Amino acid sequence: MSLFWIVIRQLAEIEAMAASKKVITREEWERKLNNVNIRKEDMNKLVMNFLVTEGFVEAAEKFRKESGTEPDIDLATITDRMAVKKAVQSGNVEDAIEKVNDLNPEILDTNPQLFFHLQQQRLIELIRNGKVEEALEFAQEELAPRGEENQSFLEELERTVALLAFEDVSNCPVGELLDISQRLKTASEVNAAILTSQSHEKDPKLPSLLKMLIWAQNQLDEKAAFPRINDLSTAALEDPA
Amino acid sequence: MPSSRPSSDLILHRLSSSDYEIKLKAIREVKNQIIGNRTKKLSYIKLGAVPAVADSLAKANADSDFGSNLIVQSAAVLGSFACGVDQGVRAVLDAGAFPNLIRLLSAVDEKVVDAAARSLRMIYQSKLAPKFDFYKEENMDFLLSLLRSENENLTGLGAGIVIHSCETSDEQNILCHAGSLEKLISGLDGSISQRDASLESLATILKNNPEAVSKFVELQNERALRSVIELTKDKYPRTRLLACLCLICIKNSSSCYLQDIGIKTKLIYILLELLDDSGQVGEESSFAFSSLVAGKEDLQKLAFEANAIDKFYNHLQNCALHPKRLEGIFLALADLCSKLECCRSKFMSLQVLNLLINALTHDEANVRTAACICLKSVSRSIKSLSAGYFTNERIVIPLVRLLSDLCTSVQVAALGAISNIVVDFTPDKSTIIQCGGLKELVQLTKSMDSSLRLNAVWSLRNMVFLADKMCKEAIFMELTVSAVASLIRDPEPSVQEQALALVRNLVDGCMDCIEFAFAEDGIILDAVGSQLQKSSKIEIAIQGMYVLSNIASGNEFHKEAIMSLLFPETENGSHSFLSQYLQSTDSSLRTSAAWVIVNLTVPASPGAFGRIVKLRNFGIVSQIKRMVNDSCMDVKLNQSVSSSIWIPWDAVSEKS
């Protein structure tokens, strides 16, 4: 955070100066960093926002007790949301759908794309389990009507049904649908939809701040040599080359 | 089984079971089957599931745990039936669930209240929902209590009721006076859904209501207005769109607000940017754009400078567009090209026309209508008309085909486009005739639907404008004398006016053309005469007088026929409508009347002297002399030009 502001300020300063690349030493940079005060509460809020949005309910609970930071959402709702997410991640899509409908019947009724992706995931699970006949029937009964309503759904459906045409699905062009990453994709889509229905931001703030940090460093790179953070997990400053 | 069809009435049996567990399970099963699934909704509705569920909602006791569970599930099912499916809404209303849901809003159990409010909100999203009566005091109390609530589902329902039922300015004013604006404004600081609901309700109350708008703007020193402006920059596309719509309503109701060029430009850019949204927001933004620029030249100019036409064109090139999106874009282009030639020439240079031609044969009626409306707007360009861009078969053939479209709005829109296209300023109108357009147009003049008759006659009127004799003859033969006469006597005044204008253009030009008015014992002229005697509407009288004026430009026989129409032997000339019209307060009517006299008294004609004597005897000449001082230049000019060949500049009217 603090780094971000420094970078921005530095950018502005340099903008005003000559075009030649300025060198900022580690000392100078650290002094500047130390001059920036960020309220602890704000940092805590950022952490809480991350825990809540990503659904780490126990960690959030603990963090609340330790830091006194109040979450901006009822923690009980996180448990429900996580149960849905988990169900999708473990391939119990039907169960996940029922849970979403219990949580708020409007979500799937007003979000055709999400509903389609869940049904598609159901189909993928049937195919994964080798239930070919059931899969075909399901595709025909449940998914084909959605494809009629929407061209892009139809294309996705065709891609999914193509899985049935291959003996060795792990080696077929649409094999990635069977990947665990497909489940994760669907799960995060459901997660986001539930958050939106609860009037909560669907993405945590922290990752976008990190993205902004990288962007700002790159901008500054064009004008100056300075100690960069390259490893985000350690946030270590690296001396300018 | 993942995909069991509701095949038997077993489910109905279970839905009405007296065993709580069985019943609850059945209701939940239906719920999970139908949510998100239109096909399933329809089949369960057909099976009769709605009354069974409504029954369990009505009978359950909200105070017991069992009962409240049943209610929550039943309400969710009913809400889902009502979501996005009109048959579902009808079934839920027919099953009598509506008053029960309203009753449950005051239950103690919050879950019950939430479920009932959600269902009602779904119902209110449909046009079929019962109209809310704002005139009843207790209703207003109820509505305000919803808007005031802490519960988001209840405030959302309140907003939904306003959006659904507030239509007239009286209803808007009732809501304003009851303090709903303040309640809705406080919702602007709420959650995403509250904000959106508030913005949409505000737009509903402010629409076309200057009084409500000034009340809104004055609230808290324009603070509310500033919040709405601020929300046009919101992170969520839907919120941005609704904030724009709200501002458009304010701007369109009272021109004194939001005059700043900055905000106008901003609105245009935001709406154009929202087009990129792949969902509903992207669809709706082009409709919002239309209402922003419609009829406003300054905004059309700004939009042109913002490259709006390129932007719409880029979207149109994506061939897999949703019909609603296509419709919106064509309507937006229609409004954008309605006034400025620079917009129209940009449209032509980008070859948008090719995409428009494809849309003329689109499966959706609304898209075909929008394409026609767009064509009508673009074809107002005299430059493009003169270049004959619109009279080639690629356009005319599909357009003529649309004249027999099953949907009336498509037919009307196609007629509108044809009306403009046939004014191609060349005497040759053969393309449209060869394509069977004439037959179709004539057929439509006999339609039971007055808007079709009106627009068909209008097209023919423009078609005969400056047409050559052959072409006029063809049209006249197809129409038949008696049909023309009866169109002049049509029950609809607007059709009468267009029919007279048609005759006016028909008898303009050569002597032979004037003869059209005398065909079959002059029944057309008789009809014209009787409309002029009635003199019901000024517009009708003007067209009628120009018919007479054009005929009076003919030979002696023609001129005398007009004289005897103006001064029938049985009547006293001072009561003549000519004398009335010369004194009309409407300058166009005075002008047209004066033209009749000019053409009757052209000195070169042998009988002119006799006619002047007659006119003097009837007191017309003294009237004319008084008109030399007419404040209207046109009228005055006519008096000073003793012999003039009159060119009917205003004989054709553009459809706007």
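Mentor: Let us begin with a convention: axes are lines fitted to C-alpha atoms, and angles run from 0 to 180 degrees between N-to-C directions. In this predicted model, the axes of helix α8 (residues 112-128) of chain A and helix α9 (residues 132-149) of chain A come within 9 Å and cross at roughly 165°.

Trainee: Why is α8(A) called roughly antiparallel to α9(A)?

Mentor: Angles over 145 degrees count as roughly antiparallel, and the axes of α8(A) and α9(A) cross at roughly 165°, so α8(A) is roughly antiparallel to α9(A). The crossing of α8(A) with α9(A) is left-handed.

Trainee: Which residues of α8(A) and α9(A) meet?

Mentor: Among them are A:F116, A:L123 and A:I127 in α8(A), and A:F138, A:L143 and A:R146 in α9(A). By class, this contact has eight nonpolar, two polar and four charged residues.

Trainee: What makes A:E13 exposed?

Mentor: A residue is exposed if 12 or fewer other C-beta atoms lie within 10 Å of its own; A:E13, which is found in helix α1 (residues 2-16) of chain A, has 12, and is therefore exposed.

Trainee: Which residues have the most contacts inside the largest nonpolar core?

Mentor: That core has 239 residues, and B:V53, B:C246 and B:F330 are among those with the most contacts inside it. Helix α16 (residues 237-253) of chain B gives the most to this core, with 10 residues. Not counting residues up to four places away in sequence, B:C246 touches B:L199, B:L202, B:A203, B:L206 and B:V228. A second, separate core of five residues includes A:M48 and A:L51.

Terms used:
Residues are numbered from 1 along each chain as its sequence is written. Chains are lettered from A and ligands numbered from 1 in the order in which they are written. This is a predicted model: local features need pLDDT of at least 70, side-chain atom pairs count only at pLDDT 80 or more; totals for chains, interfaces and linings use all residues. Helices (H or I, at least four residues) and strands (E, at least two) are DSSP runs, numbered from the N terminus. Angles under 35 degrees count as roughly parallel, over 145 as roughly antiparallel, 65 to 115 as roughly perpendicular and the rest as oblique. A crossing is left-handed if the near helix is turned anticlockwise from the far one by less than a right angle, and right-handed if clockwise. Two residues are in contact if their C-beta atoms, placed from the backbone, lie within 7 Å. Ala, Val, Leu, Ile, Met, Phe, Trp, Tyr, Cys and Pro count as nonpolar, Asp, Glu, Lys and Arg as charged, and the others, Gly among them, as polar. A nonpolar core is a set of buried Ala, Val, Leu, Ile, Met, Phe, Trp, Tyr and Cys residues joined through C-beta atoms within 7 Å. A residue is buried if 20 or more other C-beta atoms lie within 10 Å of its own, exposed if 12 or fewer, and partly exposed in between; C-beta atoms are placed from the backbone.
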